[in-house]
Amino acid sequence: MHGLWRPRVLGAARVPPSGPAILAVNHSHFIDGPMLMGTAPRPVHFLIKQEMFKGPLGSFLHGISQIPVDRGSTDRAAVLGALGVLERGGVMGIFPEGTRGEGDFASLRSGLAYFAVRSGAPVVPVAVLGSNDRPGRLVKALPALRSRIDVVFGDPFEAGDGSGRRTRAALDEATVRIQSRLTDHLAEARRRTER
């Protein structure tokens, strides 16, 4: 990432140095996940659509311990794999909106709340800004080479209400709390980076 672009990483010390954590990342460009993996202070494991695990890229993704997921169904193996990462004190990266979009956390799915409440891992909001600013000259699908991309980490927080409940209502409440915190972080990151 540092060889192709000029990532500016702010607040990386906010990521807990040990123990489980979930990095909740906005997602407006396909480079956002790799950018976070290349700049985070700890190894990050993502749930990645199983179609990406073909050919040499699949071997690479398995080699760096990414988790394939069937997005067309409830993939129990992927869910258990992600929970296993957190149980072992690792870091999961999650795009709470489920797929690429505006990157504004406007439409969250309940997956992040489930993993956070179930594992008790703190959620660290992350804003990746600038990946969509300027397309490359040779490869339009990528950001312009040597362009600045900001990766801004926020303060970790607990998604649950402290009761330990994992009911549908508890997950819905956690999703609302998470969305509020992520939206606030994104606004602060934009202010801080002037983007």
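This is a predicted model: local features need pLDDT of at least 70, side-chain atom pairs count only at pLDDT 80 or more; totals for chains, interfaces and linings use all residues.
Biologist: What is the relative accessible area of Arg168?

Modeller: Residues are numbered from 1 along each chain as its sequence is written, and side-chain values use heavy atoms, leaving out hydrogens and water. Areas come from the Shrake-Rupley method with a 1.4 Å probe, and only the protein chains shown count as cover; buried means under 20% relative accessible area, exposed over 50%, partly exposed in between. Arg168 counts as partly exposed, with a value of 49%.

Biologist: Which residue forms a salt bridge with Asp172?

Modeller: A salt bridge puts a side-chain nitrogen of Lys or Arg within 4 Å of a carboxyl oxygen of Asp or Glu. For Asp172, the closest N and O atoms are 3.1 Å apart. Helices are DSSP runs (H or I, at least four residues), as are strands (E, at least two), numbered from the N terminus. Being four residues apart in helix 5, about one helical turn, Asp172 has as its partner Arg168.

Biologist: How far apart are the closest N and O atoms of Asp150 and Arg8?

Modeller: Asp150 is buried, at 0% relative accessible area, whereas Arg8 is partly exposed, at 30%. Their salt bridge has its closest N and O atoms at 2.8 Å.

Biologist: How many residues of strand 2 are buried?

Modeller: Ala21, Leu23 and Val25 point one way, Ile22 and Ala24 the other, and all are buried. Strand 2 is largely enclosed by the rest of the structure, because the buried count is five of the five.

How values were computed
Buried means under 20% relative accessible area, exposed over 50%, partly exposed in between (1.4 Å probe, protein chains only).
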